Amino acid sequence: MTEYVKLIFGDREYELPLLEGTEGEKAIDISRLRQDTGLITLDYGFASTGSCASAITFMDGEKGILRYRGIPVEQLAEHATFKEVAYLLINGDLPTREQLTRFSVLLNDHSLVHEDMRHFFENFPRASHPMGILSSMVNALKSFYPALQSTEEEINITVTRLLSKVRTLAAMSYKISRGHKVVYPRPDLAYCANFLNMMFDSPVKPYAIDEDVVKALRVFWILHADHEQNCSTSAVRIVGSGRVNLYAAISAGIAALWGPLHGGANQAVIEMLTDIAEHDNISQVIERAKDKNDPFRLMGFGHRVYKTYDPRAKIMKRMAHRILEKLRISDPLLDIAKELEEVALKDDYFIAHNLYPNVDFYSGIVLRAIGIPTNMFTVMFAIGRLPGWVAQWKESIDDPRWKLSRPRQIYTGPLERKYVPVDER
Ligand code: SDX
């Protein structure tokens, strides 16, 4: 039985349907609000506005819960491969052994990129940021693979092609930016190990696959795989609502992720920790973060949804300790991060604002230990998030209620006035 919310406006009373999600969260369906009342809603940043119904990821920001298709991220990080998680997000269930084998074969078949794409890389200025390169190259894939994406089969091939090639594109970008020989994907290596090999193998120093490093990367990517309607996923859905091809929608997601308030925070955290290491100024940094007149924010802290410790940050913090110990690396930035966390979590401002470490706070420590250059940290986030973006895009195009995204506005400009010729102004 549908429940309603009463809206009294002017001398009329309206009933707005109340929707309830699987986990009991409630939403007012305002899809007919303007049509019935002439009113619209306004919600900067969409803090109280849902854009869709989705069955992919569930987050409870107050309890620090994150589940992909109902499975807690903690269990997936502990037991699953990244391929299994990608399959789960996109298809709704974990793959059987046969489905996983077929998925692996397809990922391998589509791991190469067209040789002509090398010229694109070679013509970017050497100092280009890898996120700008990745966004451009993913968009360019449509030119090399123009096949339509209307049938389920065509969409599945495009999805698999993208999931596989994104690693190759990222590694090529790194190798070419350093003037090094490109390393091709190998059929005998699984998803994560293949990427590491493409990144770090070289004719003079063959890359030794270390299972601890592979596991660290696997957990990193699983933790980043999806996060419901975040900024970049919303960009993918909004751009996709124009019925543009998947490559263009994902390219928009990569661009949105680049920002330091979003996926670019992992790079910003390391830059912040490095600056603290140089100036030994944790207390000043905390004071700056609290100063309303200072635009500085404590990078890697705070979240639009989590008002408690980000469950991913807990796992990432453990992974940072584990990988540094396994590789016998001592990273002073980890100690600084832990000290910064300890000071912040005791500070009334952070407590009052429910500001806790998010996924980006410790992730950079893990990536440094793996050997990923800092300017590629957000590229690593993008590779991890790709299955989530794809799953959300697929869910949107399959949703019968989905339509072109076109928000309204409250106009605050001048009332009607006349054009004045230039010599009379
Ligand atoms: C990601 O949405 C997702 O799911 C994203 C993500 C994903 O997986 O896709 O989880 C990945 O993007 C994680 C977030 C990475 N970004 C950062 O670490 C950048 C630093 N954090 C912030 O800038 C901030 O916390 C946001 C942007 C993440 C969230 O901020 P909101 O929800 O827009 O809240 P707000 O900016 O309105 O801040 C509310 C209050 C303000 O104080 P008041 O004016 O109310 O007194 O909290 C303060 C803010 O000043 N605040 C901070 C702060 N974050 C919020 N103060 C200092 N340092 C911070 N980091």
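**Figure 1. The lining of the second largest pocket, by residue type.** The residues that line the second largest pocket divide into eight nonpolar, four polar and two charged. The structure shown here, as in every view that follows, is a predicted model. About 310 Å³ of space lies in this second largest pocket, and 14 residues line it, of which Tyr 87, Asn 91, Phe 103, Leu 106 and Asn 156 lie nearest its centre. Helices α3 (82-91), α4 (97-109) and α7 (152-177) each supply at least two residues of the lining, while the largest share, six residues, comes from α7. Rolling a probe the size of a water molecule over the atoms shows where empty space is left.

**Figure 2. Asn 91, a residue of the pocket lining.** Asn 91, one of the residues that lie nearest the centre of the second largest pocket, is found in helix α3. Asn 91 counts as partly exposed because its relative accessible area is 42%, a value that falls between the limits of 20% for buried and 50% for exposed. Asn 91 and Asn 266 are 175 residues apart in sequence, and from C-alpha to C-alpha they are 29 Å apart in space.

**Figure 3. Asn 375 in a loop between two helices.** The loop between α17 (359-370) and α18 (377-398) holds Asn 375, which is partly exposed, with a relative accessible area of 32%. Along the sequence, Asn 375 and Leu 169 are 206 residues apart, whereas in space the distance from C-alpha to C-alpha is 15 Å.

Figure 4. Side chains of opposite charge can pair when their charged atoms come close. In this view Glu 152 forms a salt bridge with Lys 394, and the closest N and O atoms of the pair are 3.2 Å apart. The pair links distant parts of the chain, since Glu 152 belongs to helix α7 and Lys 394 to helix α18, 242 residues apart. The two partners fall into separate classes of accessibility: Glu 152 counts as partly exposed because its relative accessibility is 44%, whereas Lys 394 counts as buried because its relative accessibility is 8%. Across the model, the count comes to 19 salt bridges.

Figure 5. Asp 310 forms a salt bridge with Arg 312, in which the closest N and O atoms are 2.7 Å apart, and both Asp 310 and Arg 312 are buried. In another salt bridge, the side chains of Asp 399 and Arg 401 meet at 3.2 Å, N to O. Here Asp 399 is buried, with a relative accessible area of 13%, but Arg 401 is exposed, with a relative accessible area of 61%. Elsewhere, salt bridges that share partners join Lys 6, Glu 13 and Glu 15 into one network.

Figure 6. Leu 42, Tyr 44 and Ile 410 make a nonpolar surface patch of about 420 Å². Leu 42, one of the residues of this patch, lies in the loop between α1 (33-37) and β4 (57-60). Leu 42 counts as exposed because its relative accessible area is 57%, and the limit for an exposed residue is over 50%.

How values were computed: Residues are numbered from 1 along each chain as its sequence is written. This is a predicted model: local features need pLDDT of at least 70, side-chain atom pairs count only at pLDDT 80 or more; totals for chains, interfaces and linings use all residues. Side-chain values use heavy atoms; hydrogens and water are left out. Patches are made of residues with over 30% relative accessible area and no salt bridge: like charges are joined within 9 Å, nonpolar side chains (Val, Leu, Ile, Met, Phe, Trp, Tyr) within 5 Å. Accessible areas come from the Shrake-Rupley method with a 1.4 Å probe; for residues, only the protein chains shown count as cover. A salt bridge is a side-chain nitrogen of Lys or Arg within 4 Å of a carboxyl oxygen of Asp or Glu. Helices (H or I, at least four residues) and strands (E, at least two) are DSSP runs, numbered from the N terminus. Buried means under 20% relative accessible area, exposed over 50%, partly exposed in between (1.4 Å probe, protein chains only). On a 1 Å grid over the protein atoms alone, a cavity is a set of points where a 1.4 Å probe fits but cannot get out, and a pocket is an open set with protein on both sides within 12 Å along at least five of seven lines; lining residues have an atom within 4 Å of a point. Grid points are joined across faces, edges and corners, and a volume is the space filled by probe spheres set on the points. Ala, Val, Leu, Ile, Met, Phe, Trp, Tyr, Cys and Pro count as nonpolar, Asp, Glu, Lys and Arg as charged, and the others, Gly among them, as polar.
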